[in-house]
Amino acid sequence: MTPLVRRSIAALASTAFMTFALASALPLNAAQDAGTTKTKAQTAKKKIAKKAETTSKSDEAAAPAAEEDDEAEAKPKAKGGRQAPPDAEHRVPAYFGALNLTDAQKESIYKIQGKYHPQIQEIEKKAEVLRERQKSEIEDVLTAPQKKALTEARKAASDRRKAAAKARDGI
């Protein structure tokens, strides 16, 4: 096979792959956006319902409840997209939502999640420490110019992510 034919086949294959990859990614993003919108709408409805409940109570009883809501909203997400410990607003695990669970089943699931969540968080913290230690030891193997190149590559990647986020947010 001549080099020209090889290059042509490689270019065609690469174009076909990119077309397939881009075409298959678009519906996923649209579906994810729709799911996010539904989730936000459900959360907003729950907050409105809670506010309605607290306004019906006396002012003294409503104040602590409002503070608890603020504290729950102020809790930052842990690294890796993990959420705070499960509570009454927590969702059931993936694919459980379509099983028509009763409220009692949901409460049981929330209790089980609450029991294991702290243990899982502890293990994840240990894993993160090990990853950092591993990364440090790997970087110690590099020479000074390699470390500099690595730092520059990481900075460039960070800049690309920031630019993509700004473009996505329309800023």
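Entry 1: The model is predicted, so I kept to its limits: local features need pLDDT of at least 70, side-chain atom pairs count only at pLDDT 80 or more, and totals for chains, interfaces and linings use all residues. I number residues from 1 along each chain as its sequence is written, and side-chain values use heavy atoms, with hydrogens and water left out.

R131 is partly exposed, at 47% relative accessibility. I took helices as DSSP runs (H or I, at least four residues), numbered from the N terminus.

**Entry 2: Other salt bridges.** I noted a count of 4 salt bridges by this rule. Among them is the pair K126 and E122, whose closest N and O atoms are 3.6 Å apart. About one helical turn separates K126 from E122, because they are 4 residues apart in helix α3. K126 is exposed at 52%, whereas E122 is partly exposed at 46%.

I also recorded D159 with K155, where the closest N and O atoms are 3.4 Å apart. These two residues are 4 residues apart in helix α4, about one helical turn. D159 is partly exposed at 38%, and K155 is exposed at 52%.

**Entry 3: A charged patch.** I found R160, R161, K162 and K166 gathered in a patch of positive charge on the surface. Patch members have over 30% relative accessible area and no salt bridge, and like charges are joined within 9 Å. K162 lies in helix α4, residues 144–169, and is exposed at 52% relative accessibility.

Entry 4: Which backbone angle did I note at Y95? Y95 has a positive phi of about 75°, although it is not a glycine. Most residues other than glycine have a negative phi. Y95 sits in the loop between α2 (59–74) and α3 (103–140), and is exposed at 77%.

N100 also has a positive phi, about 55°, and is not a glycine. N100 lies in the loop between α2 and α3 and counts as exposed, at 70% relative accessibility.

Key. Patch = residues over 30% accessible without salt bridge, like charges linked within 9 Å, V, L, I, M, F, W, Y side chains within 5 Å. Areas by Shrake-Rupley, 256 points an atom, 1.4 Å probe, with all protein chains shown as cover. Salt bridge = Lys/Arg side-chain N within 4 Å of Asp/Glu carboxyl O. Lys, Arg positive; Asp, Glu negative; His and termini not counted. Charge placed at Lys NZ, Arg CZ, Asp CG, Glu CD. Buried < 20%, exposed > 50% of the residue type's maximum accessible area, 1.4 Å probe, protein only.
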